[in-house]
Amino acid sequence: MAEVMAAPAHASAAPDTGEDTGAPMERPGRRSGRRTLLVQWGLVLLGLATLPFLSDQLPDLGEIWSAARGADPGWLLVVVLAEAGSMGAFARLQRRLLKVGGLRVGMRRMFAITYAGNALSTTLPAGPAVSVVFTFQQFRRSGASARLATAVIILGGVITTTAYTAIGLLALLADPTARGLAGAALAVPAALVPLAVLALARPRSRALLARAVRRPVAAIARHRRIEPWARRLRDGLKALRPTRRDWTVLALLAVANWTADILALFAAARAVGIEVAPTGVTLAYFAAQAAGSLLPLLPGGIGAIESSMAASLVAFGATLAPAGAAVGLYRLVSYWIVVGVGWLAWLALQEGPRLSARTRARLAGTGRALLAGFGAYGLCGAYGSAGAGVPVPAPAEPPAS
């Protein structure tokens with residue numbers, strides 16, 4: 001998320017209000033980071049060493065390159081715009097949470113924090129932890145209290161994870177081949193929903209149900225690994241009190257964050273002529289995300305995501321070379337370009353003697369020129385060939401959410 005732009009000068013940190021102003025979690029240790037980096041490089045080298053033994057099973061690179069070169073420019077523009085929309089939705093979600101907490105942050109700065117945090121998370125050893133610390137510090141410099149910064153990070157993660165799960169379940173139920181298994185797995189929870197509604201409608205049964213649930217939940221929350229996160233979530237709910245309208249907007253932004261990323265993959269597939277249903281592309285997307293999470297030591301899930309995504313597209317009817325081309329085009333935009341812009345944003349956000357104002361201004365201009373250049377390329381490619389305009393295809397409807 002599959003998250004820039006130059007940011008204005010940082011606002012000073014909020015004055016101390018008696019709260020704990022430390023980071024929400026400890027910084028990752030240098031020794032642990034070095035071990036992770038060594039393991040990452042070991043896995044990469046191992047993968048490269050096995051390539052000669054798998055040459056007969058791998059797609060021909062020439063065919064993949066040929067399919068990528070013949071990609072439809074209109075759909076490629078949709079890939080870029082969808083990925084920008086995905087990142088923008090996540091930035092707006094965090095900005096909305098900060099606004100609920102009483103802090104207004106400019107969109108340019110919010111975009112810069114989002115892209116930079118994504119780059120740190122997907123490229124560094126212990127990247128997610130580094131990204132959380134970085135985001136926390138940037139929120140503090142923007143004027144957020146320690147409690148508000150922690151609440152936004154925790155609740156933002158809960159909301160996006162919930163949306164991710166809901167979209168995945170809907171994709172399973174919408175696909176004819178997976179509907180039976182998914183329906184069977186969800187039959188028992190679905191049957192319990194009406195019973196729970198009836199129980200909650202009566203005060204006595206509601207009290208009995210609350211007592212029955214409170215004890216196991218409290219026992220789980222006291223676990224040494226869960227207790228810190230449960231405490232932060234409770235503090236977050238106290239620091240943030242969203243209205244119904246806020247919850248609606250936050251849910252829509254979380255859904256948009258994921259569906260736009262899925263749309264980028266769908267557009268990449270259509271760009272190379274792959275006719276796979278939106279539900280199939282969505283399941284391929286989730287299969288790749290699962291494969292990337294199984295190998296978290298690889299930066300950005302490199303290798304695991306590409307291979308799983310291509311194999312899933314083939315399973316849904318695509319041929320191997322176009323599938324490889326579609327995945328390559330999608331990852332070029334959703335990972336490599338986004339990470340590149342994220343590191344530019346990280347440099348632009350640095351303060352103090354590391355970078356002069358002139359250098360930061362140049363980096364900011366470079367980031368803006370990069371984004372404008374990709375947009376201009378897409379427009380020229382779509383409308384400037386042989387004097388005959390090629391209309392941009394309308395994006396497919398995203399999976400029901």
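Visitor: Which helix does Ser 334 lie in?

Guide: This is a predicted model. In it, Ser 334 lies in helix H13, residues 320-349.

Visitor: Is Ser 334 buried or exposed?

Guide: Buried means under 20% relative accessible area. Ser 334 has 9% relative accessibility, so Ser 334 counts as buried.

Visitor: Which residues is Ser 334 in contact with, leaving aside its neighbours within four places in sequence?

Guide: Glu 83 and Asp 261. Asp 261 also takes part in a helix contact, coming up next.

Visitor: At what angle do the axes of H10 and H11 cross?

Guide: Helix H10 covers residues 244-271, and helix H11 covers residues 278-294. Their axes cross at roughly 110° and come within 9 Å. Angles of 65 to 115 degrees count as roughly perpendicular, so H10 is roughly perpendicular to H11.

Visitor: Which residues make that contact?

Guide: H10 supplies Trp 258, Asp 261, Ile 262, Leu 265 and Phe 266. From H11 come Pro 278, Val 281, Thr 282, Tyr 285 and Phe 286. By class, the contact of H10 with H11 has 8 nonpolar residues, 1 polar and 1 charged.

Visitor: Now the rings. How many aromatic pairs are there?

Guide: Rings pair if their centres lie within 6.5 Å. The count comes to 6 aromatic pairs. One of them joins Trp 75 and Phe 266, at 6.2 Å centre to centre with 80° between the planes. That pair is edge-to-face.

Visitor: What does the pair of Trp 75 and Phe 266 tie together?

Guide: Trp 75 lies in helix H3, residues 73-100, and Phe 266 in helix H10, so the pair ties together parts that are 191 residues apart in sequence. Both Trp 75 and Phe 266 are buried.

Visitor: How should I read the pair of Tyr 164 and Phe 286?

Guide: The ring centres of Tyr 164 and Phe 286 are 4.8 Å apart, and the planes stand at 55°, so this pair is tilted. Tyr 164 belongs to helix H6, residues 146-174, and Phe 286 to helix H11, so parts 122 residues apart in sequence are tied together.

Visitor: Which residues form the aromatic cluster?

Guide: Tyr 164, Trp 258, Tyr 285 and Phe 286 form one cluster. Among them, Trp 258, Tyr 285 and Phe 286 also belong to the contact of H10 with H11.

Visitor: Where does Arg 331 lie?

Guide: Arg 331 lies over the face of Tyr 335, at 4.9 Å from the ring centre.

Key: Residues numbered from 1 in each chain as written. Predicted model: local features only at pLDDT ≥ 70, side-chain atom pairs only at ≥ 80, totals over all residues. Heavy atoms only, no water. Helix = DSSP H or I, 4+ residues; strand = E, 2+ residues; numbered from the N terminus. Buried < 20%, exposed > 50% of the residue type's maximum accessible area, 1.4 Å probe, protein only. Contact = heavy atoms within 4.5 Å. Axes fitted to C-alpha atoms, helices over the stretch in contact; angles between N-to-C directions. Parallel < 35°, antiparallel > 145°, perpendicular 65-115°, else oblique. Nonpolar A, V, L, I, M, F, W, Y, C, P; charged D, E, K, R; others polar. Phe/Tyr/Trp six-rings, centres within 6.5 Å; stacked < 30°, edge-to-face > 60°. Lys NZ or Arg CZ within 6 Å of the ring centre and 35° of its normal.
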